[in-house]
Amino acid sequence: MSSTNEDHVSNGTMPDDGIMRAADGTPLKQRLAKALRREKLRSFLLIAPLLLFILLTFVAPIADMLFRSVENNIVEDTIPRTVEALAQWDPEYDQLPDEAVFKALHDDLQIAVAERIHTRLGSRLNYESSGMSGLFRKTGRRIKRMDEGDYKAQFIAADKDWGDLETWRVIRRFSAPYTAGYFLSAADAERTSEGIELKPENERVYLMLFGRTLTMSIAITISCLLLGFPIAYLLAHLPLKTSNMLMILVLLPFWTSLLVRTSAWKVLLQQQGVINDFLVWIRLIDDANRLVMINNQTGTIIAMTHILLPFMILPLFSVMKTIAPYYVRAAKSLGANDWTAFWRVYFPQTVPGIGAGAILVFILSIGYYITPELVGGTSGIFISNRIAYHISSSLNWGLAAALGTILLALVMLLFYLYDKIVGIDNVKLG
Amino acid sequence: MSENRGAAVRYESVQKSYDGETLVVKNLNLDIARGEFLTMLGPSGSGKTTCLMMLAGFEPATHGEIYLNDNPINNVPPHKRGIGMVFQNYALFPHMSVAENLAFPLQVRGMSKSEQEAKVNRALDMVELGTFGSRRPAQLSGGQQQRVAVARALVFDPELVLMDEPLGALDKQLREQMQYEIKHIHEHLGVTIVYVTHDQTEALTMSDRVAVFNDGVIQQLSAPDVLYESPQNSFVAQFIGENNKLNGTVTEVSGSECTVEVAGGIKLRADPVNITGVGGKTTLSLRPERVELQPENQMDNMVDGKIEELIYLGDHIRVRMNVADNKEFVVKVRNRGERRKIAKGDIVQIGWAAGDCKALDVVE
């Protein structure tokens, strides 16, 4: 570094353009960036392995999964000639596609059947219009026996659905490589000839599930807060020895399997379970009127509150730990009674902890799967259970991805709102 | 008890124990007059803060009674005592603005909005922070936070204000400035202030009376000058100000003077403040500035000492000497402009008056 003296000398000879310059005349900002570059590179190299790991195992799979919610290559990949020929056909025109389209379909299906991928296309289109799966399977069996010429008649003979305009409209509509269909289904909507509309009342399921997931998550968050706040307060104010002991009890659930804990709730809450037996025994309830506390929303809320409680207690505890006891003393010395001192002075300082705990519990519960699955019955399941169903049972990954994307967007939106209302810098984990 | 009527605060045989085994405060009896500035001074663990906390109501007395304006307050909760308090770390509520902090004690007393505002503004003006009302405590400097804390403790016009090491977190210069400000506020408002500190300068600067605490007992309760000039025991002598000590045996007591023989058979004349009698051990206490280096006139005590070290400090020179086997004997020589021909290793004569040398209880 040059001395102050040199700076003075060189400053005199430099252009006076208002830019701070280093001793050798290069702009100071440029100089500083150069000096910091090595340090930045070193820090980057330090985090590079983790960054790579996260990219490969977290960001990439999620991006791929989210992409599936709009991806629709299967139609074009399986029956490329048909898609091309069908582009000429006007779906609004009340006439079946011409012979060229049927010939293309015949050629495509012959290859598809040989590769045994035509049933996959059938299942894919079945999501949009039921019956398509059977149509493709049936046609697949007949395709080898078809003769050359007049494919139209032969197809319709194989299955009369090929003579139905609606079948062709579905194929045509979903032959594009991208589709909003999954998202529409996820929002209980469908595309009809009059545009996008909500499905008939009795077919709607996802909006209700999203609503239930949100309200139940809020209920779980509130009950975690109500139960966790006094415990965190106790932990933060007991002597260290006792509070360490209690802290182990709080952390104990983390060390037992989630499955075990959830199953334990089954034992406790079922109609012939411990709690009902006890209540009957103390004659609080009649044997005939045992409480239904499991396989419904009550069961889900009770079990999930228990499981997520530590996520509320820990941030609350660490924030309360930092609140010096002299604040409450000061409030009392200024004339506040116990309640006022707590409510006006202590409680506001715990808000960052409440915020952190509430966000944690809410976000965890909104995507919770295993507990609602085990104790939720039909009325207590969450949207994630539906997503899991589409992933592993119905194999409609596109719809699962769309539901997942909506869920993710919802969480992001709530996070954004939280930031706007409470401020994310008000969140403290310790 | 009747002679104590009118005291703002009275501790009567107060004892305090936290664990049931040791007493932190041992049989405290103390009267604090209305309008007095009383400082509880002592090292950490001496029980001074505990005494303050019992008065504020945050710690219950194990035994005895505390009276506030002749009313026993042992069973009165803190918020009903009406005592203003300034805490060590200010304890300003971080989520409230300065004005809200000041309005807090007025709000909980159900004061009207306009009255609150008037009082808050007056309090802010008093500590010269009139324009800072809307700021958060974190946006203020340490000194400003300190003033807000003082203003908050005074805004509801309490008769008694407690201060628990309020200047501990400030740097030296600010601390001195605040000492004068608190002193002026006290003189101006006439409130009773009980101040706790371990800083003797602070205690001497501000107080009407200082109670020196050690080991749960008040060692001496006096005005600052008395405390410095006439310490009652060796602890006070050493805790307040700088002090030379010489251990010896009393050989003679005659009226207002005694003779003490120290190491090397040197006999010194001293003021018998706290001795057991002839033959008893004693510790002589002597302020460094009361010792004359190379005295021109005959003095009560004259001894030779070897200069071990000279430190130039501008207004005075610190001379560390070996006197009667005590190598830590310090003499402060005022810088009068004359050049003294003294150097390390010289053996010079020093002298002091018998009245400046206190014979106190023995310390090893």
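Helix 16 of chain A passes helix 17 of chain A in a right-handed crossing, where right-handed means that the near helix is turned clockwise from the far one by less than a right angle, and left-handed that it is turned anticlockwise. The model is predicted: local features need pLDDT of at least 70, side-chain atom pairs count only at pLDDT 80 or more, and totals for chains, interfaces and linings use all residues. Residues are numbered from 1 along each chain as its sequence is written, chains are lettered from A and ligands numbered from 1 in the order in which they are written, and side-chain values use heavy atoms, with hydrogens and water left out.

Two packed helices are described by the angle between their axes and the distance between the axes. For helix 16 (residues 326–333) and helix 17 (residues 338–366) of chain A, the axes come within 9 Å and cross at roughly 140 degrees. Axes here are lines fitted to C-alpha atoms, for helices over the stretch in contact, and angles run from 0 to 180 degrees between N-to-C directions. Helix 16 and helix 17 of chain A are therefore oblique to each other; angles under 35 degrees count as roughly parallel, over 145 as roughly antiparallel, 65 to 115 as roughly perpendicular and the rest as oblique. Helices (H or I, at least four residues) and strands (E, at least two) are DSSP runs, numbered from the N terminus.

On the helix 16 side of chain A, Tyr327(A), Val328(A), Ala331(A) and Lys332(A) meet Asp338(A), Ala341(A), Val345(A), Tyr346(A) and Gln349(A) of helix 17, contact meaning heavy atoms within 4.5 Å. The residues of this contact divide into six nonpolar, one polar and two charged. Ala, Val, Leu, Ile, Met, Phe, Trp, Tyr, Cys and Pro count as nonpolar, Asp, Glu, Lys and Arg as charged, and the others, Gly among them, as polar.

Now to the record for chain A. An unreviewed UniProt entry gives "transmembrane region" for several stretches, including residues 345–370. Over residues 345–370 of chain A, the chain is 88% helix and 0% strand, with end C-alpha atoms 40 Å apart. UniProt positions follow the numbering used here, feature names are shortened, and annotations may be inferred rather than shown by experiment.

The axes of helix 2 (residues 98–107) and helix 3 (residues 113–126) of chain B come within 9 Å and cross at roughly 125 degrees. Helix 2 of chain B passes helix 3 of chain B in a right-handed crossing.
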